[in-house]
Structures are given as structure tokens and as C-alpha cells.
Amino acid sequence: MRRHRVVVFVRDGLLPIEFGIVHRLFGEARSRDGEALYEVLTCALTPGAVRTDTDVTLSVEHGPALLGTADTVVIPASDQDYDPPEDGRLPRRLADAFAHIRPGTRVASICTGSFVLAAAGLLENRRATTHWKSADAFRRLYPDVHLDPGVLYTHDGSVLTAAGVASGIDLCLYMIRLDHGASVANEVARGTVVPPHRSGGQAQFITEPVPEADGASTARARTRALSHLDQPLSLRELAAWESMSVRTFTRRFRAETGMSPTQWILEQRITRARELLENTDLPVDDVAAAAGFGTATSLRQHLSRTVGVSPSAYRATFR
């Protein structure tokens, strides 16, 4: 089986954690037979030593010609991005490197790596994100990009962007999920001990990442909801599980998760349906009921809106 080749293009000033994320997550993905699903390689403008933003130097074997062999190219951030060229254009050597990328190749950035994609013209009239601290500079340089600095990651055509370090994890898992389904992505998440799925539309920053000292949180309701996805779940019922008013529960829920209870439940139901379609032979009507959608029609509508395919097409792809 030919493995999907992911090429990580690194620059001086590399943030090592973002480089490591790509290698670790794609490198963990395995088929049911235990075969590696991706080949992950690294290249730079010039083979040899690449400076990082730490006291570690990276030794890179490949030059930019490797970009021409990639199925997916990933551009991590560099400390160079904090002071982008005022004309917003790619330096000549970087433009020459990007010329190696074949048309139709999937290209993704992490954090301020989005500045490179924008300078290359890959984000023009596309939706994208970047780190919220760099949003003003990005808008000034690239007004033709539909920037959304309030989300974790975006996907527009063959170009994807992630907002920051941690959302690079979410973006890599999202791409693995696109390529090989929820089960493979979930196994990668388990192996690296990270959440298996955070929506790209989730907020970049959460006002209360840690519940207040009084111990009041919505964690118990979320845990209980996961075991009752096949049943109707009203906001009033969820709030009652935490002995909170609906208003207080909603406010705390959004502060802790970055989304509304309704959005969160829908995402959990879609995830449950995808897992059942991949791992069981249940009829679509039964999958819909078990995931809390009620009818196959409702499941079909939500899955098509989220993934772009019908339940039967999804099962045929990922079984």
C-alpha cells in the first residue's frame, strides 16, 4: 500500500513543538493490520542545520525539491512570522521553494505559518485563521483573506489553517479523520493522550479553562450526557444534573468548552454516529437512533452538512 506522504517544511526560527506534533500524530496512524498510513518527512530551504526558537538546532536532510513529492505539506510557525515583510510577499527563495508544490496538493499551516500561505497567494478569498495575537497584522497585510481569528482551525478547499500550537493537534487529527475515518483518528488521540475531537469552530480561547475553586463545573453533565446520547437532552435537564439554573449552566458550559451545550451535544452525536458506521453493521436507522438523531433522515442531513457525504457513503469509505 502506498503511504500518504506528509512533508513538513521548516524554516529558521522553527517552534519545535509544532514540528513534533505533525511527526507524532501522523506517525501514529495505523491501519487495522497495523501498517503505517503516512510517511512523514522534513525539508528546509537548504539541507543542514535549521535554527529553532530554543537552544536546539534541527538537522534536516532534504531540500525544497521534496515538496514536489508531497500529498500534504505542513508549514509550522517560525519566529520570523512575528515580523512579517511589510509588502506581504514571499521572499524569492521561499517562492522558489513553493513552486515545487504540485497543483492539488493539500497544504496546511500551524499558527503564524498562515502568513506564509497568505504571502504565497494560497489563501486569497479563502477562509483562514491564525493566532489571535497576530490577527491585526494579518488583516493589514492580507485584506483579501477571510480571516476568522476566533476559531481553532479552518478548511477551505485544499488549504487548511490552525490557530496555534494546541490547535495544530486538532488540525492534524482532523486531517487524519478526513483521510481514514474517526476510528483511526481516535486511536491516534488515545495513543498520544489528547482529546479525540475539537471542532474547528470552537473558540481559540476559553475564559475559564479551569473550573472555579468552588468546584462548580459542567463536567458531570457532560459525562452523563455521553451515556444518554440516544435520549432527548434538554438544556433544562442538563442544568438540573448540575443543580444550576439554565442561565448559569449555559454560561459555565461555554466558558469551559468554548461552545454552547447544543453545539457540543450535536458534535458528540455526530462522532457517535461515525464510530457506529465504521465499526458496526447496524442499519442506518438504528445508528441514527443510537446517536440520538431519531431518524435516518435527520442523521443524513447532519452528516452531510458536517462531513459532506451520506451515512451509506461514509460507511463504504471507512469500513
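Strands, as used here, are DSSP runs of E of at least two residues, and helices are runs of H or I of at least four residues, both numbered from the N terminus. Two strands pair if DSSP finds at least two bridges between them. On this basis, β3 and β4 form a hairpin with 5 residues between them. Strand β3 covers residues 48-51 and strand β4 residues 57-60. The two run antiparallel and are joined by 4 bridges. Val50 has Leu58 of β4 as its bridge partner.

The model is predicted: local features need pLDDT of at least 70, side-chain atom pairs count only at pLDDT 80 or more, and totals for chains, interfaces and linings use all residues. Residues are numbered from 1 along each chain as its sequence is written, and side-chain values use heavy atoms, with hydrogens and water left out.

A salt bridge is a side-chain nitrogen of Lys or Arg within 4 Å of a carboxyl oxygen of Asp or Glu. The structure holds 13 of them. In one, the side chains of Asp79 and Arg51 meet at 3.0 Å, N to O.

The chain is divided into domain 1 (4-192) and domain 2 (210-318), with bounds from an automatic or database domain assignment. Their C-alpha centres lie 30 Å apart. Contact (heavy atoms within 4.5 Å) takes 9 residues from domain 1 and 6 residues from domain 2. The area buried between the domains is about 600 Å². This is the accessible area (1.4 Å probe) that the two parts lose on being put together, summed over both. Carbon and sulfur atoms give 39% of it. Arg32, Ala182 and Ser183 supply 49% of the area that domain 1 buries against domain 2, more than any other three residues.

Helices α5 (165-180) and α6 (182-192) each supply at least two residues of the side of domain 1 that touches domain 2. The largest share, 4 residues, comes from α5.
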